Amino acid sequence: MTVFLAVLRRDLLLALRDGAGTWTVLGFFVIAVAVFPLGIGPEPQVLARIAPGVLWAMALLAALLSLDTLFEGDYRDGSLEILLSAELLPELLVLAKALAHWLATGLPLALAAPLLGVFLHLPGEAMPVLFASLLLGTPVLSLLGAVGAALALGARRATVLLAVMVLPLAAPVLIFGAGAVESAQTGLAAAPSLLILGGVALCALAVCPVAAAAALRQAVE
Amino acid sequence: MVAQALKAMHDTVLRVAQPARFVALAGAWIPWVSVAALVFLAAGLVEGLALSPPDYQQGETVRIMYVHVPAAWMGLFVYALVAGLGGVGLVGGHPLAFHAARAAAPLGAAFTAVCLVTGALWGKPMWGAWWVWDARLTSMLLLLFLYFGHIALSRAFDETRRGDKAAAVLGLVGCVNLPVVKFSVDWWNTLHQPASVMKLGGPSVDPAMLWPLLLMAGAFKLGFFALWLARTRTEVVEARLRAAAGRLRAEGGAR
Amino acid sequence: MAAMPGTPFALPLPTQAFPLILRDVACARGEARVFGGLDLAVEAGGLWLVRGANGAGKTTLLRLLAGLLKPAGGAALWGDGRAPRTVPERAVLVGHQEALKPALSVAENLGFWARFHGVTENPWPHASDPFGVWALADVPVRALSAGQKRRVSLTRLAFARAPLWLLDEPTTALDAAGQRIVWELVALHRRRGGAAVVTTHAKGTVDGANELVLGEAR
């Protein structure tokens, strides 16, 4: 438990201080979303129509952007093998790293999304659903990303590889996340999509740490 | 059911499967399996293109089905096979399972791609569009992407065994994700016709069309098996060459 | 070197698991064999100096003793029958890779490793500072020289309670004073019952040290 908290603490410190952490991710999210009105035009109805999809897709890409560093630093400087040989279960190590990643990227993304929703004329009643869907969906991205990052450790062209692996796996999150916001926007019930998203999150919580831990063991072998 | 068939198949392979014996056995089987595949293919093509009737609604274009549907089945089957082989390799540490998975994945991707392309050719006259973001099409597209990830990952490392193991983990995660993908896109949007062969209460396809379909499915499966054997044999031989080269280097360094 | 009051050096060391014994061990890197037929016993209070040409497998041997690598043949076991691991109660490895985060300060880096080694109260900076890096506590590691990084990395030894030290060319990049401190620490560690396996290219030897030359014992 001490090691779990120590890893969590150190990764959060790194994310807040390092270039590839929270600020880069948030910056990318804001700029990428702002590009859409420039390309599509200022029509409020059109922007509101595409807002759920744009916000979710960009949040997905922003989360992906910071994933390649998740284990890479520890792998390169030799910390990873020391951490893996500790009494702490590798699965818990993955959880600590994924939790730190989520706190440093997923949570800020969820907090920033409603603000960007205003820019895209997303109606007010859809805002809580947008926030809730990101709150449920971004942990899945961190967990799936942990699997991808662990698998790509030491690979050639790891960043592109990571995107190729994680994006298809993340498709359901995108579909249900954006779907929930769209339902709220058109006056339908958002709860079913949110519940499914929650179910997906629980499945990811069960499967991803095991898979990522297996991948980490292979990486340091 | 597929999983059990796979397991039985793999058990057989394990029994035959000292790499050296495998190379010899594969060499003996490949010609026979290839000939059988060609026979099925010829029969299926004659049945499908000449003897079977056109559909009362879809006309001649229905014949695309005889390629499209077997390709779709193979795309899914091979993914399950690759994931299963990866799991066997991870648990049992049997190198032949990794070789077989590495050999099968590009074949599965090719079947999936054939399914998507023939689907587009069929979709244009039927739906008026090459591509629609329909549930079936989208989930097959995502399956193709999963194959791409698997293939890229298995070839991304200097050490081939590491690539094999990593790809095996990805294959298993993808397996868990497949039903989720399927349901998500199913509920998302649906235009594709529902299943008509493998369903409760027997197939609703006319026997005149079912026959060529099954013949083609057999041809695809046998063709895959022949190619898979050949590719796996190549992988085995390649691995032995690499090991030999490594030994030579090590001995050279010792002197 | 003055005694280091209040440091874990004063604490008893869990040494009852010695000896760590390798029997007919072979090691492979990828598909290539690195060495084979190696017998080695690490006793309490013992010191092994491991020598050998580049590529002879010195680092590989340390990783094996740390449990980061499984032997390709033979057996490596502690006296109590357990396999080697770098848990805080068994072994600590200071390798070529410094295991330090460039963006964090010296104190933050060492604080993390202190917690990892189970120093929960008052993790670094505390009294143990054999290499004199306390003055650099607030400096980010990326601003340090190679020798300073090595000193910070080696400071982990001061709060590790592991009975077995695995040091991969610890004197690289260190000045004369730093090198002397390394050997003094090793001597101190041996006097309290610990053991060390140290790879080195240096010519000199140390009192009571055993020598293992890799690449000849094939």
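How many of the 20 residues of H5(B) are buried? The count is 16, so to a reader of the definition H5(B) is mostly covered. Buried here means 20 or more other C-beta atoms within 10 Å of a residue's own, with the C-beta atoms placed from the backbone.

Some ground rules. This is a predicted model, in which local features need pLDDT of at least 70 and side-chain atom pairs count only at pLDDT 80 or more, while totals for chains, interfaces and linings use all residues. Residues are numbered from 1 along each chain as its sequence is written, and chains are lettered from A and ligands numbered from 1 in the order in which they are written.

Back to chain B. It has seven helices and zero strands, where helices are DSSP runs of H or I with at least four residues and strands are E runs with at least two, numbered from the N terminus. Over the whole chain, 41% of the 255 residues of chain B count as buried. Of the chain B contacts between residues at least 6 apart in sequence, 77% join residues at least 24 apart; a contact means C-beta atoms, placed from the backbone, within 7 Å.

Next, the core. The largest nonpolar core has 218 residues, and B:Ala104 is among those with the most contacts inside it. Such a core is a set of buried Ala, Val, Leu, Ile, Met, Phe, Trp, Tyr and Cys residues joined through C-beta atoms within 7 Å. Leaving aside residues up to four places away in sequence, B:Ala104 touches B:Val78, B:Leu81, B:Val82, B:Leu85 and B:Trp228.

Chain B also meets chain A, in a contact that takes 22 residues from chain A and 24 residues from chain B. On the chain A side, H8(A) gives the most, with ten residues. That side divides into 17 nonpolar, three polar and two charged residues.

Last, chain C. It has an open sheet of five strands in the order S5-S6-S7-S3-S8, with parallel pairing; strands pair if DSSP finds at least two bridges between them. S5 and S8 of chain C are the edge strands. S3(C) and S7(C) pair over four bridges, and C:Trp48 stands opposite C:Val197 in S7(C). Helix H4 of chain C lies across S3, S6 and S7, at about 150° to S7(C). Angles run from 0 to 180 degrees between N-to-C directions of axes fitted to C-alpha atoms, for helices over the stretch in contact.

Terms used:
A residue is buried if 20 or more other C-beta atoms lie within 10 Å of its own, exposed if 12 or fewer, and partly exposed in between; C-beta atoms are placed from the backbone. Two residues are in contact if their C-beta atoms, placed from the backbone, lie within 7 Å. Ala, Val, Leu, Ile, Met, Phe, Trp, Tyr, Cys and Pro count as nonpolar, Asp, Glu, Lys and Arg as charged, and the others, Gly among them, as polar.
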